[in-house]
Amino acid sequence: MSHAPAQESGTVAPRTGDLVLEVTALTKRFEGLVANHDINFTIPRRSIVSVIGPNGAGKTTLFNQITGFIEPTSGTIVFDGIDVSGLPPHKIVELGMARTYQNIRLFHNMTTLANVLVGHHVRMSAQWWQILFNTPSVQREEEHTDAFAYELLDLVGLSRRYADDLAKNLPYGDQRRLEIARALASRPKLLLLDEPTAGMNPAETRQMTDLIARLRRELGLTVVLIEHDMKVVMGISERITVLDYGELLAEGTPEEIRTNPSVIEAYLGKQATSA
Amino acid sequence: MDATMQSTYRRAINAGLIAGVAMIYLASVGLVGAFAERPIIASIGGEGPGLITLGRVMLATPAFLIGLIVAGRIRGTGTGTGASAAAVAALSGAVAGLLFGVFLLLIAAVDVRGVFLPLTPALVETLAFGQEPIVGAIINVLLAGAVAALAALIRLLDGRDRAAVLAAIGIVLLVAMLEPIIRPILGRVELDAVRDFMFTGGGLTLPAAALLAGLVIAYTWSTRHPSSPVRRQLDAVSDERRRQLQIGAAIIGVLIVLAVPFVATGFVSLVLFNVGLYLMLALGLNIVVGYAGLLDLGYVAFFAVGAYAMGVLTSSASSMGGPMSALFGAEWGFWLALPVVLIIAAIVGLLIGAPVLRLRGDYLAIVTLGFGEIARVLVGSEALRPALGGPNGVVGVPNLTIPGFGELTSPGEYYYPVVAFAAFAAYMAWRLSNSRTGRAWMAMREDETVAQATGVNTTNYKLLAFALGGTLGGLAGALFAVQLRTVFPGSFLLIVSITVLAIIILGGMGTIRGVIAGALILVGLPEALREFGEYRFLVYGAALVAMMVLRPEGLFPSKTRRAELHEESDEDKQLGESFQDPDRAAPTATGANA
């Protein structure tokens with residue numbers, strides 16, 4: 001069986017030299033366990049990059065460090081020309097990075113709309129004293145944010161009917177979509193998706209892949225995704241980064257990765273032999 | 001007899017035994033005795049304590065509840081008809097009555113007053129309806145059975161009718177319990193005829209009770225039942241007209257609130273002052289706990305800070321004496337001092353908030369509990385005696401003067417400022433709840449880590465919650481100081497924090513309407529029922545446990561909380577679905593074929 005052709009490569013050529021993310025010598029140790037060791041890679045603007053690797057390879061740890069969830073033990077992360085290593089997460093969001101989570105982490109007991117509105121928090125300016133007086137600027141901002149949130153629901157394909165439902169009552173696939181809408185609400189330049197198609201059926205997976213491609217095409221986003229579904233990975237990414245035992249095993253185009261002997265041995269090979 | 005019937009009977013008997021134990025408990029702790037003289041329905045001849053006393057109502061409550069439960073269970077399983085449900089409920093009630101009857105015989109025969117003080121011979125006589133103990137026991141069995149059967153019949157009515165009947169019973173009880181408040185009001189507004197028809201001075205008259213129940217049922221039916229002409233009229237009202245009517249109703253509501261001191265006694269105004277004070281505290285704590293999800297058990301600290309700051313800044317130096325007069329004899333006016341007090345309260349909020357920023361959940365609760373106690377000990381301490389007066393507190397706080405109106409001299413007059421301030425607090429809470437700030441707080445409550453990763457500066461928003469919550473607590477304290485005209489350490493006990501938290505929980509976490517209802521019930525009602533006295537906390541505890549079991553989302557929950565607590569089945573279903581999904585297993589082997 002052959003893989004789906006890379007839909008997007010060729011339509012948008014990443015401007016070389018314009019890097020949105022540069023990770024240098026990144027290392028994270030958890031009391032003896034080395035989760036990430038000396039990882040170096042770069043991500044060109046407006047590209048779609050997949051991070052793959054077996055379970056426990058340190059993919060999510062890598063995401064957590066990039067987004068400021070955890071502080072790197074050593075190494076630097078430069079986002080859009082600014083060294084963000086060690087910055088608190090909300091500062092990094094402000095700079096234009098947003099993420100989703102492997103195990104969906106919505107604000108479960110807030111409405112669908114409110115989840116997206118919280119996402120827009122960093123781009124709003126209303127302070128509590130202005131809110132108390134309900135100043136014209138606060139009213140304008142609320143109206144504008146509401147409209148923007150509805151647009152995002154449309155964009156990710158969530159029905160507006162769900163706007164007033166609690167996030168936790170949405171169907172599983174819609175929760176994934178809502179998480180993306182919430183991330184987009186902060187108007188990011190770089191979007192990190194942690195297993196966006198996990199738990200989805202083939203039709204839903206297709207929709208999600210289309211959505212990711214659209215985000216890059218229409219919003220000019222750079223997307224990094226952790227993904228296990230090889231069909232998705234090979235179909236959508238321009239570049240692939242492979243982690244194994246916390247180390248960078250290989251980096252390259254889907255074609256290069258597919259033919260890389262150490263990748264086949266370490267990751268795909270195990271399954272090829274067992275299959 | 002088949003197995004289902006057998007298990008139905010067994011469970012009915014079990015329920016009856018539990019109700020019996022509850023009845024014995026109520027009698028043993030003295031609740032029944034304490035209310036034996038409190039009439040609900042006046043006796044027809046006007047003799048004795050009344051046809052139905054509050055004590056009897058209490059004793060009947062367990063049987064009534066199991067009647068409802070047993071009938072509900074039978075209805076739920078569909079194993080019986082209405083008549084058999086009533087019969088099983090009657091059996092259940094009779095078992096409860098039997099257990100209680102045996103208890104009655106025991107305490108009639110053996111004097112246990114050494115252990116159970118309330119079990120006096122007088123109580124035994126009351127419980128036995130003035131008959132021989134054995135006859136009294138039999139009456140109890142029959143009565144409990146009858147009450148349970150009645151409850152079962154009510155349970156078997158369809159939803160709307162059942163609500164109407166239960167509302168009627170509830171309102172008759174409430175009006176009867178509030179007799180000491182309602183009766184003088186009727187006198188003041190020159191409705192003596194109504195007053196004399198309704199109340200005898202020893203409970204509601206039987207015709208008045210029947211009329212009241214009838215009115216409630218008629219009202220509920222006519223406004224709820226789809227086939228009622230009133231309902232149809234209401235449905236036909238246009239949206240715009242409806243809004244006008246709502247505004248009209250709101251204006252009438254405001255007028256009623258403003259008219260209270262003119263028609264009610266000073267005592268009522270005073271009780272409502274307390275309700276308003278707790279309302280402000282609850283609205284403030286609601287920001288911290290309900291919105292931001294920071295469980296603060298030491299909220300009384302802000303109340304104390306507000307009261308002491310106001311007291312120290314306004315107290316007349318001569319009455320204080322000692323070194324304090326030199327230091328603090330500012331003798332400012334209330335309005336000059338108020339902004340300073342609020343700023344101090346906000347700063348204390350920041351000071352309490354800063355060290356606990358990293359704590360979550362239970363740890364935060366315990367540390368704030370400690371802060372509350374520190375505040376109490378500190379204000380009463382010898383070290384601060386020169387400033388705060390130690391155990392004697394701050395005295396000589398002047399009355400509140402309202403520009404253009406004059407000085408408020410009687411404590412009851414403080415009703416208006418408290419209403420105004422509470423309205424301000426409610427406005428503040430309402431504005432913030434659906435705003436950038438409120439949403440940031442709620443996101444933090446839901447998942448602090450993700451809130452931060454979504455761009456919320458959690459440090460700032462936590463501090464803001466503590467500062468704003470603290471300010472409202474300080475505002476309540478400031479008003480408390482001028483109303484009481486003295487500030488004692490004894491006013492700032494842990495129980496204040498607990499009561500305020502209980503108000504929020506009872507009312508429904510996070511809603512303003514719920515907080516108002518909670519304050520009226522937990523602060524207002526016990527004042528109206530002074531007999532509760534020492535049983536107050538027992539009733540608090542029972543009410544909170546009952547709430548947690550029966551209606552954990554509070555009386556007036558926010559949409560969010562209601563959904564959260566009652567849609568678990570949906571959630572489970574969803575979880576199941578996601579686990580069944582085959583694609584979840586990772587990694588997929590598709591790529592390996594390449």
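**Entry 1: the model.** I am working from a predicted model.

**Entry 2: chain A overall.** For the extent of the chain, I noted that the C-alpha atoms fill a box of roughly 65 × 40 × 35 Å along the principal axes. I then checked the radius of gyration, which is 19 Å for chain A; a compact globule of 275 residues would have a value near 19 Å, so the two agree. Buried residues come to 48% of the 275 residues in this chain. I also looked at contacts with a separation of 6 or more in chain A, and 69% of them join residues 24 or more positions apart.

**Entry 3: α5 and α6 in chain A.** How do these two helices pack, and at what angle? Helix α5(A) covers residues 136-156 and helix α6(A) covers residues 172-184. I read an angle of about 135° between them, with the axes 9 Å apart. Angles over 145 degrees would count as roughly antiparallel and 65 to 115 as roughly perpendicular, and the pair is therefore oblique. The crossing of α5(A) with α6(A) is right-handed. I listed the residues that make the contact: L152(A), L153(A) and V156(A) come from α5(A), while R177(A), I180(A), A181(A) and L184(A) come from α6(A). Sorted by class, the contact holds 6 nonpolar residues, 1 charged residue and no polar ones.

**Entry 4: chain B overall.** I turned to chain B and found 28 helices and 4 strands. Of its 594 residues, 43% count as buried. Among contacts in chain B with a separation of 6 or more, 75% are between residues 24 or more positions apart.

**Entry 5: α7 and α10 in chain B.** I picked out helix α7(B), residues 159-177, and helix α10(B), residues 206-224. Their packing angle is about 145°, and their axes lie 8 Å apart. I noted a right-handed crossing for α7(B) and α10(B). Which residues of α7(B) meet α10(B)? On the α7(B) side I wrote down R160(B), A163(B), A164(B), V165(B), A167(B), A168(B), I171(B), V172(B) and V175(B). On the α10(B) side are A209(B), L212(B), A213(B), V216(B), I217(B), T220(B), W221(B) and R224(B). By class, I have 14 nonpolar, 1 polar and 2 charged residues in the contact of α7(B) with α10(B).

Conventions:
Residues numbered from 1 in each chain as written. Chains lettered and ligands numbered in written order. Predicted model: local features only at pLDDT ≥ 70, side-chain atom pairs only at ≥ 80, totals over all residues. Axes fitted to C-alpha atoms, helices over the stretch in contact; angles between N-to-C directions. Parallel < 35°, antiparallel > 145°, perpendicular 65-115°, else oblique. Left-handed = near helix turned anticlockwise from the far one by under 90°. Contact = placed C-beta atoms within 7 Å. Nonpolar A, V, L, I, M, F, W, Y, C, P; charged D, E, K, R; others polar. Rg over C-alpha atoms; globule rule 2.2 N^0.38 Å. Buried ≥ 20, exposed ≤ 12 C-beta atoms within 10 Å, placed from the backbone.
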